[in-house]
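Let's take a walk through this model together. Keep the viewer open and follow along as we go.

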Amino acid sequence: MDKTPGRNDPCHCGSGLKYKKCHADSNREAAGSPQLRLLSNAPEPARRRMLNLPPAAQLNRAWEVDIAPVPGRFANDPAARPAAILVEAAPFVISVEMVNRPSAEPGALAELLAAEIRKAVENTGVAPTHVSIRHAVLAESLRALLMAQNIAVHVAEQLPGVDEALRSLLGHIYGGIAPLHLLHSKPETWAGWDLPAARVEQLFKAAANFFRAVPWETVFDETPIYVKRPRGHEWTTIIMGAAGQQIGLALYEDAEDLERMHSRVETDPTQAMSGIQGVTISLLFNTRAELPKPMRAEIQREGWDIAGANAYPTLLVLNSPGGGIREQHFDDLIAALESVPRFIQLHETTFDDMAHTVPDLSWVDPENHVTCRMEFEDEMFAPLGALPAVLEPAGPIGPGATPLAALAEAEAAKGVNRTLMRYRAWLRKPASGSPPSVAFVRTYANHARMFVERCAYSSLKPVTAVTEYDVREFLYDWYPRIVRDTWRSLLGRGGAGLAAGADV
């Protein structure tokens with residue numbers, strides 16, 4: 001055994017730190033523990049057997065390292081947000097460390113990874129030539145921390161060794177395998193996110209105002225709004241709620257992730273999230289009963305603003321290192337919740353204007369200087385034309401009928417928003433008489449939305465390829481069964497516009 005270095009000498013692990021600031025405390029613990037003293041004094045072969053480590057000659061010098069959120073909670077800690085740090089030298093996992101509530105900031109996460117890598121070097125007696133990590137945001141900080149050990153850092157989209165180890169770990173702990181692309185933190189209280197209390201209070205206020213503004217009744221699902229704070233990142237933002245299911249707001253760090261998701265939905269909907277490259281943040285609204293008890297008590301104790309019985313906000317973060325949310329990203333979420341409803345309310349008539357020709361709509365919120373913009377396709381505002389008076393049972397007919405469109409299943413979902421926006425614009429500008437009320441347009445549009453989405457996502461065809469059978473199946477089967485209402489009530493509240501005069 002080498003002589004123990006002096007307190008001000010460089011630490012023997014190669015960290016570049018002084019011994020007193022690195023391994024002095026842990027070595028002191030070893031001196032006071034018979035078990036650790038036995039381990040530290042053991043010959044190298046025996047020491048490796050006690051640590052269950054493979055011979056050094058069998059270790060790969062190219063390592064993988066990651067910090068991943070682990071689903072679960074601790075009974076005595078409702079703010080728990082566990083994560084696992086794994087170091088793998090194929091085919092061996094040489095280090096696993098569980099941490100609770102790791103920081104979401106890149107510098108702090110890099111320090112956790114560097115410490116685990118150094119521990120693995122000390123335990124194995126082997127240093128890697130390089131380590132591969134999943135998240136590019138950690139690379140610069142980790143390179144600086146490992147520079148003294150001449151360990152390079154590579155960013156890799158796939159970490160097959162770590163992923164296999166993580167699957168095995170989850171299967172052992174939870175008796176089943178959670179899809180790795182859906183792993184996320186789920187603390188039972190907002191305190192589990194380790195965010196300033198004042199910022200959480202501001203988010204609740206912004207979320208409540210967002211919910212009261214009901215922006216999902218104006219902008220349909222999957223219509224992107226690009227939101228950017230001054231000197232911040234531009235997020236691709238999607239309003240949820242038009243489909244009548246989950247209400248909320250989703251922010252995509254990578255604008256291409258939406259297209260990746262759509263392409264996977266066409267082949268395997270269960271893998272829709274498997275290809276996302278950037279961080280995805282969702283603010284979802286739930287009923288009080290759907291929240292964990294500690295979170296309900298926390299909200300009541302703090303007196304945070306809640307807009308209604310089904311308007312309790314929860315946070316979901318995917319594809320972030322360690323499963324946390326950076327304060328910068330949290331502020332971006334607050335900004336989107338504040339500015340998007342104001343942007344939509346100010347430009348509501350623009351979305352339905354058939355004469356609209358501006359390809360890009362941009363607006364700066366005077367209250368917080370956040371930029372919101374939308375990109376429009378020309379065909380969104382093309383005249384809808386006259387609706388057919390009668391649907392024939394043989395197949396799609398009428399001026400806008402495209403029977404062959406039913407064969408292009410992969411294209412069906414892409415026209416949903418365009419169809420709904422054109423339909424609402426058509427409702428707002430009748431051929432004769434006064435323009436209808438906002439409530440009238442909203443009622444017709446909401447019912448049309450259910451039918452159009454039913455055609456696109458279940459029947460895999462656009463409304464221009466529907467038949468009388470599709471209309472009857474919607475009116476007599478799907479609507480009464482799913483909405484728990486009668487088709488006669490639907491027609492009485494505006495659903496008759498779906499059939500456009502069809503004899504039902």
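Predicted model: local features only at pLDDT ≥ 70, side-chain atom pairs only at ≥ 80, totals over all residues.

Residues are numbered from 1 along each chain as its sequence is written, and side-chain values use heavy atoms, with hydrogens and water left out.

The protein has 15 helices and twelve strands; these are DSSP runs numbered from the N terminus, with helices being H or I of at least four residues and strands being E of at least two. Of its 504 residues, 45% count as buried, where buried means under 20% relative accessible area, exposed over 50% and partly exposed in between (1.4 Å probe, protein chains only). Taking a contact as heavy atoms within 4.5 Å, 62% of the contacts between residues at least 6 apart in sequence join residues at least 24 apart.

Now find helix H7, residues 197-213. Its 17 residues should span 24 Å at 1.5 Å a residue, and its end C-alpha atoms are 25 Å apart, which agrees; the expected span is 1.5 Å times one less than the number of residues. Buried residues of H7 include Val-200, Leu-203, Phe-204, Phe-210 and Phe-211. What do the buried residues of H7 pack against? The partners are strands E7 (234-240), E8 (248-252), E9 (280-286) and E10 (312-318), plus helices H9 (293-302) and H10 (327-346). Just after H7, Val-214 takes a positive phi of about 40°.

H7 and H10 pack at about 30° with their axes 9 Å apart; axes are lines fitted to C-alpha atoms, for helices over the stretch in contact, and angles run from 0 to 180 degrees between N-to-C directions. The two helices are therefore roughly parallel (under 35 degrees counts as roughly parallel, over 145 as roughly antiparallel, 65 to 115 as roughly perpendicular and the rest as oblique). Among the residues making this contact are Leu-203, Ala-207 and Phe-210 of H7 and Phe-330, Ile-334 and Leu-337 of H10. By class, the contact has eleven nonpolar, one polar and three charged residues, with Ala, Val, Leu, Ile, Met, Phe, Trp, Tyr, Cys and Pro as nonpolar, Asp, Glu, Lys and Arg as charged, and the others, Gly among them, as polar.

In H6 (residues 160-174), look for Val-162. Is Val-162 buried or exposed? At 1% relative accessibility, Val-162 counts as buried. Leaving aside neighbours within four places in sequence, its contacts include Val-65, Leu-86 and Arg-134.

Finally, the backbone. Most residues other than glycine have a negative phi, and most peptide bonds are trans. The bond from Ala-90 to Pro-91 is cis, with omega near 5°, and Pro-91 sits in the loop between E2 (82-89) and E3 (92-100). Asp-194, in the loop between H6 and H7, has a positive phi near 55° and is partly exposed at 45% relative accessible area. Arg-231 also has a positive phi, near 60°, and counts as exposed at 83% relative accessibility.
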